[in-house]
Amino acid sequence: MALTQAAALQERFYSDCGHYAQIPHGVKNTRACGTLANNYNDGILAMNDNASATIFSPGQHYVISMVAPTSSTGICPIDRCFILQATPSTKANTDGTLTGTGLQVGNGRLRIDSKGNKSWDKANSNSPSGTTGMFGSKWTDK
């Protein structure tokens, strides 16, 4: 649920700014469109309500992060797509206030992209790598 909510925030950001956000974290009132001078790499989505780069799912079971876009060019240019990832949290994950539960460790990462594709790193192998593409399994695979 946290990934689909984050994807909805990205779509709203795109509607307002004409490109997807590069920086997912930030206090809610710091949300800002990126600038052309910086190739839109400075757009702030402000998903959490503190300055920590650690963004937890509502139950602190996952850490939400941006996989792509990484720049204005490449497999996922910032102005046309995004990939969000949920990584099982560990008890070492913290945002300064909250701490991860560690309950999902070993279950593999989940991803959603701007086209609505959902994938799961079922084997927990990080293939494809942490910075590109979608995983081979779907969220519904067992």
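# A guided tour from Thr 54

Begin by selecting Thr 54, which sits in the loop between α1 (2-17) and β1 (55-56); helices (H or I, at least four residues) and strands (E, at least two) are DSSP runs, numbered from the N terminus. The model is predicted, with local features needing pLDDT of at least 70 and side-chain atom pairs counting only at pLDDT 80 or more, while totals for chains, interfaces and linings use all residues. Residues are numbered from 1 along each chain as its sequence is written, and side-chain values use heavy atoms, with hydrogens and water left out.

## Around Thr 54

Thr 54 has a relative accessible area of 18% and is therefore buried, where buried means under 20% relative accessible area, exposed over 50% and partly exposed in between (1.4 Å probe, protein chains only). Now show the residues around Thr 54: leaving aside those up to four places away in sequence, Thr 54 touches Asn 48, Val 63, Thr 94 and Asp 95, a contact being heavy atoms within 4.5 Å. Of these neighbours, look at Thr 94, whose backbone oxygen lies 3.2 Å from a polar atom of the Thr 54 side chain.

## The whole chain

Zoom out next and colour by secondary structure, so that the one helix and five strands of the protein chain can be picked out. Read from the N terminus on, the elements run α-β-β-β-β-β. The protein chain has 142 residues, of which 40% count as buried. Among its contacts between residues at least 6 apart in sequence, 43% join residues at least 24 apart.

## The disulfide at the end of the helix

Select Cys 17 and Cys 33, which are joined by a disulfide with an S to S distance of 1.9 Å; a disulfide is a pair of cysteine sulfur atoms within 2.5 Å. A search of the whole structure finds one disulfide. Cys 17 belongs to helix α1 and Cys 33 to the loop between α1 and β1, so the pair ties together parts that are 16 residues apart in sequence. The torsion about the S-S bond of Cys 17 and Cys 33 is about -70°, so this disulfide is left-handed. Cys 17 is buried, at a relative accessible area of 17%, whereas Cys 33 is partly exposed, at 38% relative accessibility.

## Two salt bridges

The structure holds two salt bridges, each defined as a side-chain nitrogen of Lys or Arg within 4 Å of a carboxyl oxygen of Asp or Glu. Select Arg 31 and Asp 16 for one of them, in which the closest N and O atoms are 3.0 Å apart. Arg 31 lies in the loop between α1 and β1 and Asp 16 in helix α1, so this pair ties together parts that are 15 residues apart in sequence. Arg 31 is partly exposed, with a relative accessible area of 35%, and Asp 16 is also partly exposed, with a relative accessible area of 48%.

Then move to Arg 109 and Asp 121, which form a salt bridge whose closest N and O atoms are 2.8 Å apart. Arg 109 is in the loop between β3 and β4 and Asp 121 in the segment after β5 (118-120), so the pair ties together parts that are twelve residues apart in sequence. Arg 109 counts as buried at 12% relative accessibility, and Asp 121 is buried with a relative accessible area of 2%.

Rings of Phe, Tyr and Trp (its six-membered ring) pair if their centres lie within 6.5 Å, and planes under 30 degrees apart count as stacked, over 60 as edge-to-face and the rest as tilted. By this rule the count comes to two aromatic pairs. In one of them, the rings of Tyr 20 and Phe 82 have centres 4.9 Å apart and planes at 70°, so the pair is edge-to-face. Tyr 20 is in the loop between α1 and β1 and Phe 82 in the loop between β2 (62-68) and β3 (83-88), so the pair ties together parts that are 62 residues apart in sequence. Tyr 20 is buried at a relative accessible area of 5%, and Phe 82 is buried at 1% relative accessibility.

## Strand β3 and its partner

Finish on β3, which is mostly covered, five of its six residues being buried. Four bridges join β3 to strand β4 (residues 110-113), and the two run antiparallel; strands pair if DSSP finds at least two bridges between them. Select Gln 85 to see the residue that stands opposite Arg 111 in β4. When following side chains here, recall a general point: in a regular strand the side chains alternate between the two faces of the sheet.

Notes. Polar contact = N/O pair within 3.5 Å; in protein donor to acceptor, adjacent residues only side chain to side chain.
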